[in-house]
Amino acid sequence: MAGGKRLVLQLLVLCLAAPVVRSGWLQGTATFYGGRDGSGTMGGACGYGNLIEKGYGLTNAALSTALFNDGASCGQCYLIICDQGRSTMCRPGTSITVSATNFCPPNYNLPSDNGGWCNPPRPHFDMSQPAWLNIGIYEAGIIPVVYQQVKCWRDGGLRFTITGFNYFQLVLVTNMAGSGSIRSMSVKGTNTGWIPMSRNWGANWQSLAGLVGQCLSFAITSSGGQYIVFQNVIPAWWQFGQTYATWQQFDY
């Protein structure tokens, strides 16, 4: 009972300055990886590569199978609080918002309550060490948490990085605010209509069309339901391996 009262008071204090809420509070657990400087968290299953350059920074996390959703959760933001009602290894009165940038794979050789932290159906965050240390004491290793998805805030607009060859374009979308992730995406060349794209892996979307030499537009629906057309954001002289930034951004 006392632990429950502590958690309620903790949540009330944090609500005074909390980000915009997208879902209710849920229970989970959190560990950390990547070293104190967070360099070991660069790259990952969302395909972002250098998280500093892509706008995500060191406050990031790898999601368990239950949360990762085959990459559909890449870029989403979560407000996380150590649950003082279930642990004495919390840093009281603290919280952290992390971006989903990686996948924490299951380990079926270990039970989910003893090492197999990312085994389904367990909701688990394997956070960068700098992010985790905001809410937990290092010696704990793993802490119980409460979490909720919240609005993402980014500097600047969306960025599109195109790789591939000839009739295969792989487009990595980064620095996405609002809900942080994509529900659907289409591409349009100067000489084409709208062509639906499909998720290849993580935050990479693919198109099997001859678009080289054409100015490109993208139509994106966020996982929050907002629809934006990024008109002629890539010039006709684009090349594979280049990144193009926009001023447009999502609110939800």
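What volume does the second largest cavity have? In this predicted model, the answer is about 30 Å³.

The protein averages a pLDDT of 92, and 91% of the residues score at least 70. Residues 5-23 are the stretch to treat with care: there the pLDDT is below 50, although the stretch has 34 contacts in the model beyond near neighbours in sequence. Where pLDDT is low, the predicted coordinates should not be read in detail.

Now for the empty spaces inside. Rolling a probe the size of a water molecule over the atoms shows where empty space is left. Here the structure holds 2 cavities of 30 Å³ or more. The largest cavity contains about 70 Å³ of space, and 13 residues line it, with Y48, C74, S181, I182 and A203 the closest to its centre. By class, this lining has 9 nonpolar, 3 polar and 1 charged residues.

Follow β13 to begin with. Strands of a sheet pair through backbone hydrogen bonds, either parallel or antiparallel. The sheet that holds β13 is open, with 4 strands in the order β10-β9-β13-β14 and antiparallel pairing. Its edge strands are β10 (194-196) and β14, each pairing on one side only. On average, neighbouring strands of this sheet are turned by 25° against each other, direction ignored.

On one flank, β13 is joined to strand β9 (residues 182-188) by 6 antiparallel bridges, and S184 finds its bridge partner in T221 of β13. Strand β14 (residues 227-234) also runs antiparallel to β13, joined to it by 5 bridges, and A219 stands opposite V229 in β14. Together β13 and β14 make a hairpin with 4 residues between them, and in the turn G225 has a positive phi of about 100°.

The other entry point, β8, takes us to an open sheet of 5 strands, ordered β11-β12-β8-β7-β15 and paired antiparallel. Why is one side of β11 (198-201) and of β15 (243-245) left without a neighbour in the sheet? Both strands stand at the edges with a single partner strand each, so one side of each has no neighbour there. From one strand to the next, the twist in this sheet averages 35°. Within it, strand β7 (residues 159-165) and β8 pair in the antiparallel sense over 7 bridges, and the bridge partner of F165 is F168 in β8.

Finally, two backbone details deserve a look. Most residues other than glycine have a negative phi, and most peptide bonds are trans. The peptide bond from P120 to P121 is cis, with omega near 5°, and P121 is found in the loop between β4 (96-103) and β5 (124-128). N69, a residue other than glycine, has a positive phi near 55°; you can find N69 in the loop between α2 (65-68) and β3 (77-82).

Conventions
Residues numbered from 1 in each chain as written. Predicted model: local features only at pLDDT ≥ 70, side-chain atom pairs only at ≥ 80, totals over all residues. Heavy atoms only, no water. pLDDT = per-residue confidence, 0-100. Contact = heavy atoms within 4.5 Å. 1 Å grid on protein atoms, 1.4 Å probe; cavity = no way out; pocket = protein on both sides within 12 Å on 5 of 7 lines; lining within 4 Å. Points joined across faces, edges and corners; volume = space filled by probe spheres on them. Nonpolar A, V, L, I, M, F, W, Y, C, P; charged D, E, K, R; others polar. Pairing = 2+ DSSP bridges. Helix = DSSP H or I, 4+ residues; strand = E, 2+ residues; numbered from the N terminus. Axes fitted to C-alpha atoms, helices over the stretch in contact; angles between N-to-C directions.
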